[in-house]
Amino acid sequence: MTVCAMQTNDVNWMGKAGAIRVCMTLTILLCMVSTAHGQEMKTYDGDGYRISIPRSWKHQPIQAPNGTVATMFIGSNDFGCTLESSLINKTLMPTMAKATPKQRREFIMADWKVQDWFTIFPNLASTKDFQAHVNTKTTLGKDLPASLLEYSWSNEQGYYRSRTIFTFTSERQFSLVCSGLGSTAEKARQSFASNIGILQKVQHSFSPRPVIAGQTDSTATSWFQKGFTHSKNREYHDAIVAYSKAIEIDPKNAVAYNNRGFAYRQIGQYKPAMDDYDKAIILSEKTAGVSLVYVNRGSLHFIMGQYDR
């Protein structure tokens with residue numbers, strides 16, 4: 001079978017408890033509430049999809065290697081999920097980018113060997129103590145054919161039991177990755193098993209949807225306004241996502257950098273906050289607004305105990 005490589009990204013999730021390498025390009029917005037398995041659920045609309053996540057789960061924006069915004073979901077100290085949504089990469093996946101829907105379906109439904117997964121997700125091949133447990137086919141959502149790999153691995157922070165589900169739609173590629181963490185392989189397995197019910201609810205709540213012109217406002221101004229509203233409501237993670245989209249569209253938006261720096265500061269992520277303030281100063285150096293950014297940066301230095309800065 002033909003397989004294509006995908007980029008990977010090092011990200012840390014569950015605080016000090018664990019780390020998982022994933023490739024994601026994802027922007028998610030909260031829109032409604034439902035219930036499942038006794039848990040209150042949030043429904044999120046992302047780029048080309050809709051999915052439900054337990055309301056108790058936290059979500060954290062990160063930056064993917066190509067500079068776009070990505071999001072990870074943290075269910076607890078020992079369980080979490082990520083969802084990658086991106087256009088099919090014509091450089092990394094030229095065969096699939098040119099393939100017909102029928103050919104993509106045949107690709108997904110083909111008999112994959114573990115080595116094929118290593119080709120698609122190179123980071124799996126380098127994980128310590130990697131062991132595949134299940135390699136089969138499933139569906140993402142109600143009827144979207146997908147490939148599934150369940151496996152265990154470890155790093156210096158613990159042991160993991162993970163499930164990766166990968167598929168295509170007509171223009172996009174999706175990867176849902178869920179992992180349980182434990183101090184031993186057995187505890188990781190137990191963590192994963194205890195969350196299997198909600199994992200399946202998340203998996204089957206997925207539905208692809210077209211991105212229709214006019215329904216998604218892609219202007220930097222609109223994303224900036226969303227970020228401002230989220231920040232005003234103390235929804236700082238959502239504010240970071242929105243400001244990052246504004247910056248992606250308008251990389252010279254100094255105010256978006258300043259405001260995103262404030263949002264990072266409010267959730268205790270001082271390093272990216274300082275980086276944003278530095279960038280805002282460079283972009284607004286010859287404007288009256290630069291004085292406010294200097295005040296914000298000076299305040300952050302004070303919080304960090306850097307009194308000589």
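The model is predicted: local features need pLDDT of at least 70, side-chain atom pairs count only at pLDDT 80 or more, and totals for chains, interfaces and linings use all residues. Residues are numbered from 1 along each chain as its sequence is written, and side-chain values use heavy atoms, without hydrogens and water.

Strand 12 spans residues 172–182. Strands (E, at least two residues) and helices (H or I, at least four) are DSSP runs, numbered from the N terminus. R172, F174, L176, C178, G180 and G182 point one way from strand 12. Q173, S175, V177, S179 and L181 point the other way.

Strands pair if DSSP finds at least two bridges between them. Strand 8 (residues 79–87) runs antiparallel to strand 12, with 9 bridges. Here C81 stands opposite C178. Strand 11 (residues 158–168) is also antiparallel to strand 12, over 10 bridges. R161 has G180 as its bridge partner. Strands 11 and 12 form a hairpin, with 3 residues between them.

Helix 9 (residues 254–266) and helix 10 (residues 270–283) cross at roughly 160°, and their axes come within 8 Å. Axes are lines fitted to C-alpha atoms over the stretch in contact, and angles run from 0 to 180 degrees between N-to-C directions. The two helices are therefore roughly antiparallel, the term for angles over 145 degrees.

Key:
Buried < 20%, exposed > 50% of the residue type's maximum accessible area, 1.4 Å probe, protein only. Parallel < 35°, antiparallel > 145°, perpendicular 65-115°, else oblique.
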